[in-house]
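Colleague: I would like to learn how to read a few features of a model like this one. Could we go through them one at a time?

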Amino acid sequence: MTIIKGFVFLLFLFGHIALANADYRYTDALRTYERQEYRQALQMFDRLATTGDADAQYMLGQMHEAGQGTLQDFVEAHKWYNLAAARGHRHAAAARDAVAARMTAQQISEAQQAARAWQPRAAPSGIAPEPSPPVETLSGRQLVAEVQRELNRLGYEAGPVDGLMGTRSRNAIRDYQGTVGLAQDGQPTTALLARLRQTGREPAATVPPEPEPTPARRVALDDAFSDGDFRRNPPWTVLSGRFDIDDGGLRSIVEKPQVVTPASPTLRPERPEEIGLAMLQLILGQEGGLKPDAASPEATEVEFGDAARIFVHAPVDNAFRLELELASYQRPGSLALGLFQGNQPGGGYRLVYNPGSRPGLSLVRMTADGGEVIASSEGTLDLEDGRFHMLSWTRDESGNMQVWVDGRRVLQAHDRRLRQGFQGFVLVNHGGDYNLRRVRLEH
């Protein structure tokens with residue numbers, strides 16, 4: 001009897017390890033991507049995507065859209081987003097629709113045909129995957145591992161499939177429960193697992209028909225500075241500082257900020273968020289000032305070179321999509337960019353980037369009363385790696401806003417206070433070295 005029990009235990013152990021290894025293949029690919037080894041990551045995601053892995057399909061869509069490890073290809077990006085959406089990935093449909101707005105009708109049709117013709121292949125090992133164990137036979141770590149697996153399949157980022165409940169797994173459960181209308185208790189139960197397995201599987205056999213395409217967006221601004229002159233086609237207006245055109249597009253260099261004798265409390269090098277706050281105060285102070293409760297009342301003196309400010313008229317509606325390719329070459333410093341209302345840059349929205357500080361990115365509403373931070377990203381945002389980064393910012397008719405950097409959502413907010421349209425794009429450089437290679441504004 002002891003021998004039999006030991007044999008059964010080994011079978012379970014080896015089976016669990018095999019399933020865990022399958023999940024860690026995606027984790028390995030993601031880590032390779034985060035190291036910016038894009039060609040290798042593309043190959044790893046492709047091997048997983050061809051077996052029907054929705055997460056890998058979504059990542060292939062992102063990489064083809066951004067041209068990471070391959071040539072930029074919207075048709076391929078649309079195809080992979082479409083396949084991931086059909087398998088229940090919760091971000092894929094929105095990403096597919098966003099890239100479709102940049103494609104022609106012919107390209108969209110080609111991508112849809114490619115998605116319908118796609119067929120999954122056998123797993124790289126050549127071994128057919130084991131069927132999922134029945135819900136009623138699971139308990140403890142086995143149950144938690146299956147819940148984590150299903151959450152990851154649906155794009156809820158529960159972390160490694162290790163059967164251990166942590167903050168990521170519990171938050172992912174709550175997120176899913178809120179989406180489907182369940183009580184958000186964060187508990188991994190058999191009833192939850194049964195619901196997870198059902199979610200998104202019904203349409204998985206074929207790519208479902210897409211809704212009728214929305215009317216094409218109107219382009220208000222699309223400037224890659226290819227003519228070598230930012231003063232025409234379209235004409236940009238410099239309010240202060242100096243701007244030039246080089247191989248990377250519109251270039252702005254402002255002397256690095258120098259910390260001088262501060263007011264209390266002391267500005268400490270090990271606390272970059274304090275420097276970021278001081279920069280934010282200065283930027284907003286130049287454009288109308290902060291509300292008294294929007295920043296610390298204890299001001300810190302920071303000495304800057306003259307700020308560089310530039311804007312361009314490009315009227316758009318209240319709902320918009322802004323895309324730009326940006327490179328940052330030094331820190332500290334700060335950059336504010338956004339859309340303004342009125343004939344001169346004043347009211348509107350600003351994104352404030354503080355290299356190496358917390359928060360890395362803040363969304364500010366500017367009105368006649370001053371500026372107010374309405375949302376901030378988590379952690380730092382470091383773009384000083386010598387390459388260009390894609391920033392996308394959208395706002396819909398209901399006031400929902402999202403900001404993505406290199407295909408990763410870093411900020412979201414809801415604000416309906418500014419109901420009028422916007423008149424153009426503005427950029428303010430405080431103590432940084434930035435290249436704007438392209439900016440595109442649609443509505």
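Colleague: Is Thr50 buried or exposed?

Modeller: Keep in mind that this is a predicted model. The call rests on relative accessible area, and buried means under 20%. Thr50 has 7%, so Thr50 is buried.

Colleague: Where is Thr50 found?

Modeller: Thr50 lies in the loop that links α2 (38–49) to α3 (54–66). Its side chain reaches the backbone oxygen of Arg47 at 2.9 Å.

Colleague: How do I describe the way two helices such as α2 and α3 pack?

Modeller: For two packed helices, one gives the angle between the axes and the distance between the axes. Here α2 and α3 pack at about 140°, and their axes are 8 Å apart. That angle makes α2 oblique to α3. Residues of α2 in the contact include Leu42, Phe45 and Leu48, and those of α3 include Met59, Leu60 and Met63. The crossing of α2 past α3 is left-handed.

Colleague: Now the strands. Which side chains of β14 point to the buried face?

Modeller: Follow the side chains along the strand and note the face each one points to. In β14 (residues 400–405) they alternate.

Colleague: In what sense does β14 pair with β13, and over how many bridges?

Modeller: β13 (residues 389–395) pairs with β14 in the antiparallel sense, over five bridges. Ser392 is the residue opposite Trp404 of β14. The two strands form a hairpin with four residues between them, and in the turn Gly399 has a positive phi of about 90°.

Colleague: How many bridges join β14 to β15?

Modeller: Six bridges join β14 to β15 (residues 408–414), and these strands run antiparallel.

Colleague: What is the strand order in the open sheet of seven strands?

Modeller: The order is β2-β7-β16-β9-β10-β11-β12, with antiparallel pairing. β2 (236–240) and β12 (370–376) are the edge strands, each pairing on one side only. On average, neighbouring strands of this sheet are turned by 25° against each other, direction ignored.

Terms used. Residues are numbered from 1 along each chain as its sequence is written. This is a predicted model: local features need pLDDT of at least 70, side-chain atom pairs count only at pLDDT 80 or more; totals for chains, interfaces and linings use all residues. Side-chain values use heavy atoms; hydrogens and water are left out. Buried means under 20% relative accessible area, exposed over 50%, partly exposed in between (1.4 Å probe, protein chains only). A polar contact is a pair of N or O atoms within 3.5 Å; within protein, one must be able to donate a hydrogen and the other to accept it, and residues adjacent in sequence count only if both atoms are side-chain atoms. Two strands pair if DSSP finds at least two bridges between them. Axes are lines fitted to C-alpha atoms, for helices over the stretch in contact, and angles run from 0 to 180 degrees between N-to-C directions. Angles under 35 degrees count as roughly parallel, over 145 as roughly antiparallel, 65 to 115 as roughly perpendicular and the rest as oblique. A crossing is left-handed if the near helix is turned anticlockwise from the far one by less than a right angle, and right-handed if clockwise. Contact means heavy atoms within 4.5 Å.
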